[in-house]
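Welcome! Open your viewer, switch to a cartoon view and follow along, one selection at a time.

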Amino acid sequence: MVKLANRVEKMAGVEIRVRLGQRTIRLRSRRGQILSSALLEAGLPLRLYCQGRGICGQCLVRVSPGPWPEESPAERKFRLEKKLPEGYRLACQFRLRGPVEVWLPENLLISQEIRPFSRPELKTSQKALPDFNPLVKKYRLNLLSLKAGPGAGLPTNSIKEKISAHLGLKQLDITPAALNKLLELRPGSGLLTAVVYDEKSVLDFEPGDTVSCTFGLAIDLGTTTISAELLDLVSGQILGSAAADNLQAAFGADLISRTGFALEKPGNLRKLRQSALSSVENLIGVLSRNAGIRRNCIYVASLAGNAVMNHLFLGLPVESLGQAPFQPAFISHPPVPAAETGLRINPRGLVYLSPNLGSFVGGDISAGLVYTNLTGRPGNFLYVDLGTNGELVLKKGKKLLATSTAAGPAFEGGGISCGQRAVAGAIEEVKWQAGRFAFRTIGGKEPSGLCGSALLGVLAESLKTGLLAESGRILKGRAEIPVCDRLALTQLDIRKLQLAIAAVKSGLKLLLQTARLNWTELDGLFLAGVFGNSVNLAQCLALGLLPPLPRRKIFFAGNASLAGARLLLLSRRARLQVEKLPSRVEHLSLAGRQDFQSEFLKALALSRRYWRRTDV
Ligand code: FES
């Protein structure tokens, strides 16, 4: 009887009242389920920095009093670090044993909101590119004049030859599906439109004139954020541009944790693939609706993602990226039928992938290199993309050398007690003024945390004012550096930031050393990525994060990966350039360097003096 009662109670489940800002959401869940899993199932995915292993302390949420087991020592430690009162529990460890009310900080929730953004290029035509030659073009054909339609009795090769000659394209291939469609078209159909991929392959024949309906997507498949643009491939106009959180964040903040999750058990790879696909699908939905076009008119997506993202998006195993020597399963990948990827664009459409350049230096970087025309510039240049992974490329003369360095989530506020992502309410800029920190928040909202640019700012300003030693030790007998009410950097936070900074500095130094180049011989440095473009340069240089080049030699490249994906969509010259990159780039494995550890230790000092004119 008792057993039956328990079963009934289990089936009835427990009620969760989620307080999210001004909203209250009521959910039901299974008794005994972990809170974060219950929220995920209900469509409220949380950002689980450590994959819910209970070791990062980032998922603390306030819960109503109840018959809960006592807080664990780890929970207590994290709560006290954040100066929170009792009643805060780790959402990834908290088991639901009865009805509960949960107060969810908005920045813990992975936003499913699509954020349209305006770019200076928006609505302007890209036709002015020196080589405007989109990946997909359409050609009008007259079936009657070709005498290649049904009933003509021509062998396949003759049809191909006739169509190639008619379109003025050599060695044109016709996919079997397109050929069947051509043969099925009614006799006397007259005008039809050939959909041609990269002047090489006919993907489809469409009845009538559909030339004006030819669209494509440029996608930056980022670990944290996915950005996309919708383009008219006839006029070259950017019709819309938007970004969304990568829903994979529910399974880990960075590439290492996502790879680990994928390898943990069968089925996880599918979850990761599905999450990325949902994020991209949501973006396509909003972009196409806003532009008033049908998805069926989108024939191609040019995708720039790092090696892990590329693998996960295609559903390829990531074993080789999870263990030394961390090799991707592919460098260059042929275009993939959109239907195979799960993307709901024209089913005959294709996905073009910017090639990987080596372990953890992926298609986002190859796209960025093409966008900044790094290989076409005379001289010595650095390309630096900062994020959870720092990707670094050095061009010395004609030589290209690349490496990646695991900075971890600190630059995105992850794992830092007062850190948060760059969303509304995050402090993004700090300055020491009149004996205290003056700051600016995103959207002018009440401060709720510090994002990466402000975290670096606090370190740099604290160094300047003597609150912090170059060793990273907090001075003046303080235990922490207060920024404003309830927000302060602890000694542990500073150590984590030091590790991230040192990872980048030592990676850059070893790259230069390998090429036998002193930083003073650099002609320029491109800073790519969202984080890189939000930092205060003077503060970065004060920490020694970058070589101390004069300001005129440092260029902010913006989201170079997205701009590169756009270029690859529109320019044949860019595609030829990117396809040659893998054979030109030499990969430097930092883990394989004997001197990496000693260089890393030297780089821990927060000082621009790390960069010496006598280096190399
Ligand atoms: S402690 Fe919960 S996600 Fe890390």
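In what order do the three strands of the open sheet with S20 at work in it stand? The order is S21-S20-S22, and the pairing is mixed. Strands here are DSSP runs of E with at least two residues, helices are runs of H or I with at least four residues, and both are numbered from the N terminus. Two strands pair if DSSP finds at least two bridges between them.

Before you go on, keep in mind that this is a predicted model: local features need pLDDT of at least 70, side-chain atom pairs count only at pLDDT 80 or more, and totals for chains, interfaces and linings use all residues. Residues are numbered from 1 along each chain as its sequence is written, and side-chain values use heavy atoms, with hydrogens and water left out.

**Stop 1**

Select 436–441 for strand S21 and 449–450 for strand S22. These two stand at the edges with a single partner strand each, so one side of each has no neighbour in the sheet.

Next, select residues 452–465. This is helix H13, which lies across S20, S21 and S22 and runs at about 15 degrees to S20. Contact means heavy atoms within 4.5 Å. Angles run from 0 to 180 degrees between N-to-C directions, with axes as lines fitted to C-alpha atoms, for helices over the stretch in contact.

**Stop 2: the five-stranded sheet**

Which strands make up the next open sheet, and in what order? Its five strands follow the order S2-S1-S5-S3-S4, with mixed pairing. Select 23–29 and 88–90 to see the edge strands, S2 and S4, each of which pairs on one side only. From one strand to the next, the twist averages 35 degrees.

Now colour residues 14–20, strand S1: S1 and S2 pair in the antiparallel sense over seven bridges. Leu-20 has Arg-23 in S2 as its bridge partner. Then show helix H3, residues 73–81, which lies across strand S3 (60–63) and S4, at about 125 degrees to S4.

**Stop 3**

Seven residues of domain 1 are in contact with 11 residues of domain 5. Together the two domains bury about 790 Å², 43% of it on carbon and sulfur atoms. Buried area is the accessible area (1.4 Å probe) that two parts lose on being put together, summed over both. Show Gln-58, Lys-83 and Asn-107, which supply 50% of the area that domain 1 buries against domain 5.
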